[in-house]
Amino acid sequence: MYIGHYAAAAVLVTLVPDSPVIPIAVGVAWPDLVWPVLVLIGRERVTVGRNDPLQRSIRFDSYPFSHSLVLGNLFTLVPAAIVALLYNSVLVGVLFWVAAISHWVLDLVVHMHDLPVLGFGGKDRKLGFGLWQHPRAAFVIEYIFFAVVVLLTARPTVYVGVLCGGLFLHLLNANSFFGFSRHNPFSTPTRLALITLVGYIGAIAWFTLA
Ligand SMILES: [Zn+2]
């Protein structure tokens, strides 16, 4: 999931209106900011099929540090504590942590039964409801979910910037839902990691400025 994570960000910004936006915008993306780095240094593994650009064909072989419910979110207490120190506010640190937890919960809806629960290795339970199995529906549902949550929570003055910017970013991701290209343009773990990083840096900038 990509743009859908910013529905959670919109909720958190509304719940705590005085909070700074950047820690929330970074928090909802956190697992997907850590993941590319861990893939690049070989600590987490992914397999990308060259002949299929669809999201469902990406195999997340191992990503316990970035994407497990227990271990991943325990690790996230470290950046959350740093955020709390930077902003001199426990509340902002907690918001960052809750934002990061929301990432796992929303990923659960779309991922293909590959999200570890504990993350400590050995025989772990893996979850994922697999909405990506139905890529076109997943594309539409993710944006509708995002837009409805924004309309219900955000200030009307930000509707245009958030909804149009979100749609733009979602459309940039359309090939991985509709398969316009025959090959996956990001067909190596390195390329996929880098485009993920770029995508989220763009999303953080957009959500912070909108
Ligand atoms: Zn993720």
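**Close-up 1. Phe65 counts as partly exposed, at 29% relative accessibility.** The model shown is predicted. Phe75 is also partly exposed. Its relative accessible area is 43%.

**Close-up 2. Tyr2 and Tyr200 form an edge-to-face aromatic pair.** A search of the whole structure finds 13 aromatic pairs. Tyr2 sits in the segment before α1 (5–15), and Tyr200 belongs to helix α10 (residues 189–209), so the pair ties together parts that are 198 residues apart in sequence. Both tyrosines, Tyr2 and Tyr200, are buried.

**Close-up 3. Phe65 and Phe75 form a tilted aromatic pair.** Centre to centre, the distance is 6.0 Å. The angle between the planes is 50°. Phe65 lies in helix α3 (residues 64–67) and Phe75 in helix α4 (residues 70–75), ten residues apart.

**Close-up 4. Five aromatic residues form one cluster: Tyr6, Tyr143, Phe146, Trp206 and Phe207.**

**Close-up 5. Helix α2 (residues 21–40) packs against α10.** The axes are 9 Å apart, at an angle of about 170°. Angles over 145 degrees count as roughly antiparallel, so α2 is roughly antiparallel to α10. On α2, the contact residues include Val21, Ile22, Ala25, Trp35 and Leu40. On α10, they include Pro189, Leu192, Tyr200, Ile204 and Phe207. The residues of this contact divide into 18 nonpolar, three polar and one charged.

Definitions and conventions
Residues are numbered from 1 along each chain as its sequence is written. This is a predicted model: local features need pLDDT of at least 70, side-chain atom pairs count only at pLDDT 80 or more; totals for chains, interfaces and linings use all residues. Side-chain values use heavy atoms; hydrogens and water are left out. Rings of Phe, Tyr and Trp (its six-membered ring) pair if their centres lie within 6.5 Å; planes under 30 degrees apart count as stacked, over 60 as edge-to-face and the rest as tilted. Helices (H or I, at least four residues) and strands (E, at least two) are DSSP runs, numbered from the N terminus. Buried means under 20% relative accessible area, exposed over 50%, partly exposed in between (1.4 Å probe, protein chains only). Axes are lines fitted to C-alpha atoms, for helices over the stretch in contact, and angles run from 0 to 180 degrees between N-to-C directions. Angles under 35 degrees count as roughly parallel, over 145 as roughly antiparallel, 65 to 115 as roughly perpendicular and the rest as oblique. Contact means heavy atoms within 4.5 Å. Ala, Val, Leu, Ile, Met, Phe, Trp, Tyr, Cys and Pro count as nonpolar, Asp, Glu, Lys and Arg as charged, and the others, Gly among them, as polar.
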